[in-house]
Amino acid sequence: MSLSRIARHPRAGLLGCIHQQLFLNPSSLPGGADTRPMSRVPYRRPGEPKDNRPPWKKIKFDFAKGVEGVGRQMMLLKKELLDPLVGPEGKPMLEHMLEQNRVVWEFRGPECLEQWSVSSDREIGGQSEAYLKLGRNDNTCLLYGSLNAAPPRDGETRYSGYCTLRSKQRLCSFDRKTHFDWTSFNTLHLRVRGDGRPWMINLAPETYFSHQKDDIYSYFLYTRGGPYWQDVKIPFSKFFLGHRGRIQDDQHHLWLDKINTIGFTLGDKVDGPFQLEIDFIGVCKDYAHTEEFAYEKYKRNPEV
Amino acid sequence: MKCARCLLRLQGLGSVVPSARPANRYAYLLQSTTSPVLTKPLVAFNSHGEALRHFHGSSAWAKSSPPSSDLKEKEKEIDKSLLSRDELFERVARNAKTKAAFDKAIEAFTKRERRRRGHVEFIYAALQKMVEFGVERDLAVYNRLLDVFPKEVFVPRNFIQRMFNHYPRQQECAVQLLEQMENHGIMPNVDTKVLLVQIFGEKSHPMRKYQRLMYWFPRFKHVNPFPVPRLLPSDPVDLARLGLMRIANDLDTKVTVYQMPYTDITETGEEITLPHIVGTQSPDQVELLAKHDPSRPVFVEGPFPLWLRNVCVHYYVLRADPLPPGEKVEEPYDPERSLYYPLQLSLELERDMGDLGDDFDVEDLDEGPVFAMCMTGQGDQATLNQWISGLQEANAVLGRVPTLFRLDAGPRELQSPAGESHRPHPPPEAEPWVPGDEGGAGPARQEVDVTLEEEPQHSRGVKQ
């Protein structure tokens with residue numbers, strides 16, 4: 001995993017001594033509060049000791065893994081170099097332009113489960129559990145577990161009881177990020193089989209500013225329950241913008257050119273077991289759907 | 001200038017009004033239209049409608065009369081003991097935890113003193129106690145709680161106050177109240193808006209939160225394509241009916257009650273409880289079962305969970321394994337089914353790249369046909385046997401087909417996260433269903449006697 005970027009003091013040059021006095025030292029604040037912006041620091045559970053190791057101690061050396069890694073990166077690099085020779089994204093130009101349906105994720109083997117990461121509120125101290133495994137006949141994936149909405153008693157968490165299934169960031173050669181380009185599509189098509197609980201689909205696009213890191217476009221996924229599969233089609237114009245779980249005032253439609261991850265989350269304040277089976281996730285182009293955005297981008301200070 | 005005018009008017013009032021003064025000495029009187037507390041309008045208003053206060057000095061009403069005499073009166077009335085936030089609610093909760101009791105607690109607080117000191121803590125405590133008293137879904141109670149805030153004190157009067165987050169604690173408290181409303185899915189009404197405007201003014205955080213609620217709630221109100229009614233039926237048969245109609249995925253399906261819940265006391269004094277059995281079968285499922293090959297077994301699988309808001313019911317499924325690809329037969333549609341247009345067209349049209357349609361490049365998952373579903377109180381084999389025998393009325397094939405029971409199968413393996421084989425090889429619980437007489441004769445002809453009880457469509461406990 002990539003190392004977290006640590007702030008460095010400016011080099012003491014001619015004016016360095018003056019700068020350093022003005023520099024806000026984290027330890028000088030009352031209570032030892034952290035002044036680093038939230039966008040850089042991963043979540044730290046209240047009560048957990050701070051990880052103050054210097055960066056060189058965080059690297060782990062392993063020769064076998066290193067060699068294997070180099071081999072894997074070379075394969076990815078080869079694929080990356082040869083694909084444009086065939087056409088955009090490895091498909092012939094005509095096929096890329098005219099395709100109406102594309103299956104983005106399907107679960108046909110255990111290696112598909114590696115692309116997904118499951119988490120629940122256990123990370124903040126709650127008691128929910130969530131597990132992921134392959135479904136019947138290795139054709140689907142099954143997310144199951146149980147939720148518990150009792151908040152952890154750490155004095156600051158008020159709500160709890162959630163679980164998520166999020167796809168991992170796609171990486172090309174040498175651990176660089178690649179994004180999904182869904183500009184030629186306008187609908188998300190899923191085939192799921194739930195148990196009647198309401199889920200939420202989250203799409204995280206690539207952002208530029210660090211403040212936008214937790215910007216997520218979401219929409220509801222209501223499952224019917226029962227033995228039959230459910231086809232869910234959600235146009236991308238319905239997704240609304242939220243940041244860290246709070247829906248934002250300044251709404252904008254989802255830009256489809258750089259999508260990073262998709263996620264499913266459940267947090268319906270009901271304690272008990274849950275399960276969700278997913279057959280495949282695809283995108284399609286619905287020519288009958290012409291809406292650009294479902295919500296208004298209304299004024300920030302409307303007169304009451 | 002304005003202040004001088006205020007003073008003159010107040011002094012004028014002071015000479016006229018002292019006889020009409022109420023028992024308490026506080027001049028800091030608040031007028032509220034919706035408050036249950038009666039207030040005598042002794043506050044002077046200027047032309048802008050703003051409440052006037054004394055410019056200098058404390059809020060003692062007039063400097064002419066000494067306030068000391070009133071103090072002694074008041075001391076006897078004011079209870080000076082230290083009260084905890086929850087005390088009012090605990091006092092009231094000793095009788096019964098109802099909405100009336102909650103309202104009484106709020107009224108006791110508002111009547112206690114004019115200044116409403118500690119109202120923020122009181123409102124926070126009330127928000128926590130709401131669930132205990134069962135009023136968390138009641139908008140009137142929220143409005144009454146919002147009424148506890150003193151009016152017009154927290155309204156910013158100039159641009160500096162507006163800039164600097166006037167009375168942040170109270171604003172945060174009101175935002176928390178609205179957030180609790182949002183969590184329970186309660187839409188505020190115009191009373192809430194009027195209260196918020198009176199308390200905090202128009203450009204405040206609670207008002208902004210109210211605007212967000214009023215924007216997003218109507219948008220998401222009807223977004224569920226499979227809505228569940230807010231008040232679920234308490235009768236298990238009705239609940240089963242609701243659940244089965246939901247999962248049937250077919251509007252033509254009919255729900256049949258094979259057995260009503262029944263408690264019988266035999267001669268020996270034993271109690272026998274018979275659970276309810278409610279099943280459903282849509283016409284498509286009947287057709288599929290009729291076409292089913294009798295030599296292949298059918299399975300009763302379950303229980304699978306179905307959540308209806310916060311209630312979980314379990315259903316059982318009668319299904320068969322999918323046919324291996326070699327044996328699948330595509331039967332042509334009967335042309336008599338639709339006399340107005342053909343159901344199948346075999347045209348030799350060429351479809352090019354841009355006309356691929358809605359087909360995804362995924363292999364079709366064939367999990368085998370589902371023939372019927374049921375929900376029952378007790379999921380043991382005897383009850384499910386009864387269901388199968390009830391199904392046999394409509395589907396004669398079931399008499400000839402071997403039925404295997406795969407109870408506790410399916411994706412309900414919540415206990416072990418480690419990879420457990422999903423398909424149980426016939427474990428001890430999968431016994432071929434053989435009637436009592438023909439023990440071990442194999443899946444041959446099976447006689448059944450079906451006893452369907454003719455009873456009204458509601459269970460006994462429910463009033464007609």
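Predicted model: local features only at pLDDT ≥ 70, side-chain atom pairs only at ≥ 80, totals over all residues.

## Exercise 1: The sheet of chain B and its helices

Helix 12 (residues 283-291) of chain B lies across strand 4 (277-281) and strand 7 (370-376) of chain B, and runs at about 120° to strand 7 of chain B. Residues are numbered from 1 along each chain as its sequence is written, chains are lettered from A and ligands numbered from 1 in the order in which they are written, and side-chain values use heavy atoms, with hydrogens and water left out. Helices (H or I, at least four residues) and strands (E, at least two) are DSSP runs, numbered from the N terminus. Axes are lines fitted to C-alpha atoms, for helices over the stretch in contact, and angles run from 0 to 180 degrees between N-to-C directions. Contact means heavy atoms within 4.5 Å.

**Task.** Find the order of the strands in the open sheet of chain B, and the helix that lies across strand 1, strand 4, strand 5, strand 6, strand 7 and strand 8 of chain B.

**Solution.** 
- Step 1: The open sheet has 6 strands in the order 1-4-7-6-5-8 (chain B), and its pairing is mixed. Two strands pair if DSSP finds at least two bridges between them.
- Step 2: Its edges are strand 1 (254-259) and strand 8 (403-407) of chain B, each pairing on one side only.
- Step 3: On average, neighbouring strands of this sheet are turned by 30° against each other, direction ignored.
- Step 4: Strand 5 (residues 298-308) of chain B pairs with strand 8 of chain B in the parallel sense over 5 bridges. There, B:G302 has B:L407 of strand 8 as its bridge partner.

## Exercise 2: Helices packed in chain B

**Task.** Describe how helix 8 of chain B packs with helix 6 of chain B and with helix 9 of chain B.

**Solution.** 
- Step 1: Helix 6 (residues 139-146) and helix 8 (residues 168-183) of chain B have axes 11 Å apart, at an angle of about 175°. Helix 6 of chain B is therefore roughly antiparallel to helix 8 of chain B. Angles under 35 degrees count as roughly parallel, over 145 as roughly antiparallel, 65 to 115 as roughly perpendicular and the rest as oblique.
- Step 2: Helix 6 of chain B contributes B:L139, B:Y142, B:L145 and B:L146 to the contact, and helix 8 of chain B contributes B:L177, B:Q180 and B:M181.
- Step 3: By class, this contact of helix 6 with helix 8 of chain B has 6 nonpolar, 1 polar and no charged residues. Ala, Val, Leu, Ile, Met, Phe, Trp, Tyr, Cys and Pro count as nonpolar, Asp, Glu, Lys and Arg as charged, and the others, Gly among them, as polar.
- Step 4: Helix 9 (residues 190-200) of chain B has an axis that comes within 12 Å of that of helix 8 of chain B, crossing at roughly 170°. This pair, helix 8 and helix 9 of chain B, is thus also roughly antiparallel.
- Step 5: B:Q170, B:Q171, B:A174 and B:L178 of helix 8 meet B:T192, B:L196 and B:F200 of helix 9 in chain B. The contact of helix 8 with helix 9 of chain B divides into 4 nonpolar, 3 polar and no charged residues.

## Exercise 3: Strand 5 of chain A

**Task.** Is strand 5 of chain A mostly covered or mostly uncovered, and which strands pair with strand 5 of chain A?

**Solution.** 
- Step 1: Chain A has 3 helices and 15 strands.
- Step 2: In chain A, 7 strands form an open sheet in the order 2-5-14-9-10-12-13, with antiparallel pairing. Strand 2 and strand 13 (246-247) of chain A are the edge strands, each pairing on one side only.
- Step 3: Strand 5 (residues 163-167) of chain A is mostly covered, as 4 of its 5 residues are buried. Buried means under 20% relative accessible area, exposed over 50%, partly exposed in between (1.4 Å probe, protein chains only).
- Step 4: Strand 2 (residues 116-120) of chain A pairs with strand 5 of chain A in the antiparallel sense over 5 bridges, and A:V118 has A:L165 as its bridge partner.
- Step 5: Strand 14 (residues 259-266) of chain A also pairs with strand 5 of chain A in the antiparallel sense, over 4 bridges. Here A:C163 stands opposite A:L266, and A:T164 stands opposite A:T265.
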